[in-house]
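Here are my notes on this model, written for reading beside the coordinates. Please have a viewer open as you go through them.

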Amino acid sequence: YGSSSALDSLLGISKTQPLQYLVSLSVAEQESLLGYQPDHPENPKVLRIAIIGAPNAGKSTLSNKLLGRKVFAVSKKVHTTRCSAQGIITDQDTQLVGILPLTVVFLSSRHNLEKSVVADPWQSMKRADLVVVLVDVSESFTRNRLHSQVLKCLSQFSQIPSILVLNKVDLLKGKTLLLDLVVKLTEGMVNGKKLEVRSKLSSRSDTPKSSNPLSEAPDSRIGWAHFREIFMLAAVNEEEVEMLKTYLLMQAKPGPWEFHSEVLTNQSPQEICNNIIREKLLEYLPLEVPYTVLQTMEVWEEGPGGELVILQNLLVKKESHMKMLIGPKGEVINQIVQEAGQDLMNAFLCDVQLKLCVKLKK
């Protein structure tokens, strides 16, 4: 850390409890809420945030923790969420906009993402006031350098302040390795100051030597020397995530809010549902199979007891895929229904009756 680390200044700040707004069950009601004029106070503040990182760095998990509710799907496979999604945090006079786990899409030709999803990340970056770069330090194959697309993004938008968040630090056994990673990923500089860290990296030939990283091609660098702050956390640790949220709130600048204070996400309730079910498909189906499943909503209504009744068709291309999805004696599809139903209850804070029907696409 630099001498005026945000973490040091935040240690004495008590944790605030965010308001838990409901995610509307009605598509029309959610659209109406999104259409409301922002009810900002007399002196509003706003911060537009972009969260970027390599696949599986924990962007969706961190986003959900910041929001206090699971509205983004989480999976070990890439491209879990396909819609352009935003999360909104409103705390007193401050609004954080764009808690985006989708900000940078790492393309693979076999995943066939919609063009709007591919183009959106770069549009989001143009509007960001702060970039949060997330790195999974538990992944030994990717933690030693920033992803090439992340470096490209930082270089192209170098005028936007950025911070480094090292995620899953609880899975590392030694602090020495963590310090080594900090030196590598920051090129030994944080907030314009040289890090006073004695690291094994200092004697290695792959340690960055350039005094002007902006002049280098992104492919020749492994880190970024212009981070304002460093945070080390486990996204599952609420206190550590709360400290990051407090820092983000402190970075907000005077400006009008973009959303009404009751808005938690710009996603429709059906988009949240689709993504949560898709998360389970990615979890239980092998290889590229889950990416070929087409989801269609058949029923979305309130039941007689006030529960949310959902019937969704899952269309598959091959009979072999159907057998995989159903599983022996229906075990796989039943497990998906059980887990997705629980997540939907947590998202909408109501009872959910979920039914999934597997069909062969004609």
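The points below go from the ground rules to strands, an aromatic pair and salt bridges.

1. Ground rules. This is a predicted model, where local features need pLDDT of at least 70, side-chain atom pairs count only at pLDDT 80 or more, and totals for chains, interfaces and linings use all residues. Residues are numbered from 1 along each chain as its sequence is written, and side-chain values use heavy atoms, with hydrogens and water left out.

2. Six of its six residues are buried, so β5 is largely enclosed by the rest of the structure. Here buried means under 20% relative accessible area, exposed over 50%, and partly exposed in between, with a 1.4 Å probe and protein chains only. In a regular strand the side chains alternate between the two faces of the sheet. On one side of β5 sit Ser-162, Leu-164 and Leu-166, on the other Ile-163, Val-165 and Asn-167, and all of them are buried.

3. Neighbours of β5. Strand β4 (residues 130-136) pairs with β5 in the parallel sense over six bridges; two strands pair if DSSP finds at least two bridges between them. In this pairing Asp-136 stands opposite Asn-167. The chain gets from β4 to β5 through helix α5 (residues 148-156), in a right-handed β-α-β crossover. Right-handed means that, with the strands pointing away from the viewer, the path from the first strand over the helix to the second runs clockwise. β5 is also joined to strand β8 (residues 227-233) by five bridges, again running parallel, and Leu-164 stands opposite Ile-230 there.

4. The three-stranded sheet. Strands β10, β11 and β12 form an open sheet in that order, with mixed pairing. β10 and β12 (352-360) are the edge strands, each pairing on one side only. Neighbouring strands are turned by 15° against each other on average, direction ignored; axes are lines fitted to C-alpha atoms, for helices over the stretch in contact, and angles run from 0 to 180 degrees between N-to-C directions. Eight bridges join β10 to β11 (residues 308-316), and these two run antiparallel. Thr-296 stands opposite Asn-313 in β11.

5. Helices on that sheet. Helix α9 (residues 319-326) lies across β11 and β12, at about 155° to β12, where contact means heavy atoms within 4.5 Å. Helix α10 lies across β10, β11 and β12, at about 140° to β12.

6. Aromatic pairs. How many aromatic pairs does the model hold? The count comes to two, with rings of Phe, Tyr and Trp (its six-membered ring) pairing if their centres lie within 6.5 Å; planes under 30 degrees apart count as stacked, over 60 as edge-to-face and the rest as tilted. One of them is Trp-300 with Phe-348, edge-to-face at 6.0 Å centre to centre and 85° between the planes. Trp-300 is in β10 (residues 294-302) and Phe-348 in α10 (residues 331-348), 48 residues apart.

7. Salt bridges around Lys-70. The structure holds ten salt bridges, each a side-chain nitrogen of Lys or Arg within 4 Å of a carboxyl oxygen of Asp or Glu. Lys-70 meets Glu-279 at 3.0 Å, N to O. Because Lys-70 lies in the loop between α3 (59-67) and β2 (88-91) and Glu-279 in helix α8 (residues 269-284), the pair ties together parts 209 residues apart in sequence. Lys-70 also bridges to Asp-343, with the closest N and O atoms 2.9 Å apart; Asp-343 is in α10, 273 residues away. Lys-70 is partly exposed at 22% relative accessibility, whereas Glu-279 is buried at 6% and Asp-343 is buried at 12%.

8. Asp-136 and Lys-168 meet in a salt bridge at 3.2 Å, N to O. Asp-136 lies in β4 and Lys-168 in the loop between β5 and α6 (175-186), so this pair ties together parts 32 residues apart in sequence. Asp-136 is buried at 9% relative accessible area, and Lys-168 is partly exposed at 25%. Elsewhere, salt bridges that share partners join Lys-70, Glu-279, Lys-280, Glu-339 and Asp-343 into one network.

How values were computed: Helices (H or I, at least four residues) and strands (E, at least two) are DSSP runs, numbered from the N terminus.
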